[in-house]
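Dear colleague,

Please find below the structure that I am handing over to you. My notes on what was found in it follow directly after.

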Amino acid sequence: MIELNNLSFAYRRKHPVLSNITLNLSTGHIHGLLGCNGIGKTTLLKIVCGIMRPDSGRVCVDGRNPMERHPEMLSSMFIVPEEFDLPNVSLRRYAAITAPFYPNFDMEQMLGYCRELNVDADVRLHSLSMGQRKKAYIAFALACNVRMLLLDEPTNGLDIPSKGAFRRLLAGYVDDERMVVISTHQVADVEQLIDNIIILDTEGVALNATTAEICSRLSFGRVSDGAEVLYRERSVVGDVAVAVNDSGEESSLNIELLFNAATANRKAISELFIR
Amino acid sequence: MATLSLRRAVAFGRYHYAALWRQYLTLFLEIMAVPLIFSLLSDSVVNGVEASLVVYLFCGLGIAKCNTYLMRDRGTRYIAAALPVSAEEQMLFMLFNSAVVMPLLFVVASLSVLLIGLVTFEDTFGLEYVLTLFFDEVFLRWPLYLFVQITAAGALLINLLARRSLLMSYVVAFVAVVLLLWGLVEILTASPLPFNPVRDTEYIAEVAMTLYCLVPVILYALCYVALRRRQMKW
């Protein structure tokens, strides 16, 4: 559904942000987009929804180039930016104004999401805190029932109970026809949600694999000193490592450890997942 | 789904006004306040009406800023840019906004000044005289609208492309438009064409009115294209 082919982008010449990104993002998944600061995760989301133009390469969303800004394509996707400003009206009013753009929007559903996220839909948006405003916008985004939902650091600014509610809502959102792409540094907040992990680095896509594939090919956990591993780091519980899963027994996925392994030992990790 | 739908252009307009009603209100009050102060100081509503012309000249920038606010503002631009509205629909709305809403805003504000002035001050002139003055000197001054709108839209384009301050851009655009209009009049007067801009004012007014509607929108469209090329960095 979202196809990126050899995509490259630079804000300044000789300082590429994204280089040679080739990805296929399909429906039925919650894709986790991970990468260090400044690697281009937000830029990639903006390119996908047609806000920004790649320097080279091809972007295809439902067979269309998002830069053409075809309304039908745009109404099937929604982006929640990390930082944003909304008109100073209540969420209910905002929804009434913006809903005509999204044919599957459901007001009752949005009010239900607001109750779950503990945000008042009748209070002016400018009188809400940034976290509450984000919850309000997430509630609106979910109620638009779009097929492609792009979330940029969605849990930043959310309080602890809201993070739980957010996870519940998002888990119920995805079906075979829909996809969610979450760009985040807060992996712990979405660890149990993500079922496809994409790690970006300066060279491009370091890893693009489902959690099932990762767990079947890699093992995560504590290791003794002499063990052969792909990546090892010191933690508060002793040495932890990522190793090739030879035994076939699945260990629980540690995304933070996987990320560090994929950036430190890119070649070995990527070779295991060549599709 | 076509790329030009009136329904979506209207929906975009609703979004625009809901987001920017405060800016429009501020502009409206500015257009009202200065002529009122003039009226108050000179104790004459006629001076207020004349001052409203000068005010409109300087409010052009406010008009252009309102028109492009959703594209320029850091907090709103990405959300506005992600709305399922085609570029054509956005430009259609801008055409309506700059050709209908903005002059209406000015006319309503000027009329309000007039009515407040007439109630407040004991003017030597009657209502009929002041209304005539208003319609002759303000409402029918299409070249003024032309000048203001083109200058403001040109200033925004200069601001975007040359990366100079908005005030500096406005000064440059102001001078450029004055020179352009003066040059056009000179060329047309000297040309062998069957009309003379000094003599055929009615014909010129019609051309000016059309230009007033179209040229600012073309300049806004250029701003839009430049903004997309600049990766949304105004």
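**The contact between the chains**

In this predicted model, 21 residues of chain A are in contact with 23 residues of chain B; two residues are in contact if their C-beta atoms, placed from the backbone, lie within 7 Å. On the side of chain A that touches chain B, the elements giving two or more residues are α2 (71-74) and α3 (91-98) of chain A. The largest share, 3 residues, comes from α2(A). Helices (H or I, at least four residues) and strands (E, at least two) are DSSP runs, numbered from the N terminus. By class, this side of chain A has 13 nonpolar, 3 polar and 5 charged residues. Here Ala, Val, Leu, Ile, Met, Phe, Trp, Tyr, Cys and Pro count as nonpolar, Asp, Glu, Lys and Arg as charged, and the others, Gly among them, as polar.

As to conventions, local features need pLDDT of at least 70 and side-chain atom pairs count only at pLDDT 80 or more, while totals for chains, interfaces and linings use all residues. Residues are numbered from 1 along each chain as its sequence is written, and chains are lettered from A and ligands numbered from 1 in the order in which they are written.

**The domains of chain A**

The domain assignment, which is automatic or from a database, gives chain A domain 1 (2-202) and domain 2 (207-272). Their centres, taken over C-alpha atoms, are 29 Å apart. Contacts join 11 residues of domain 1 to 12 residues of domain 2. Strand β8 (residues 196-201) of chain A gives the most to the domain 1 side, with 5 residues. That side divides into 7 nonpolar, 1 polar and 3 charged residues.

**Two residues with positive phi**

A:Asp62, in the loop between β4 (56-61) and α2 of chain A, has a phi near 55°, a positive value in a residue other than glycine. A:Asp62 counts as partly exposed because it has 15 C-beta neighbours inside 10 Å (buried means 20 or more other C-beta atoms within 10 Å, exposed 12 or fewer, partly exposed in between, with C-beta atoms placed from the backbone).

A:Asn118 is not a glycine either, yet has a positive phi of about 60°. A:Asn118 is found in the loop between α4 (107-117) and α5 (130-143) of chain A, and is exposed, with 12 other C-beta atoms within 10 Å.

Yours sincerely
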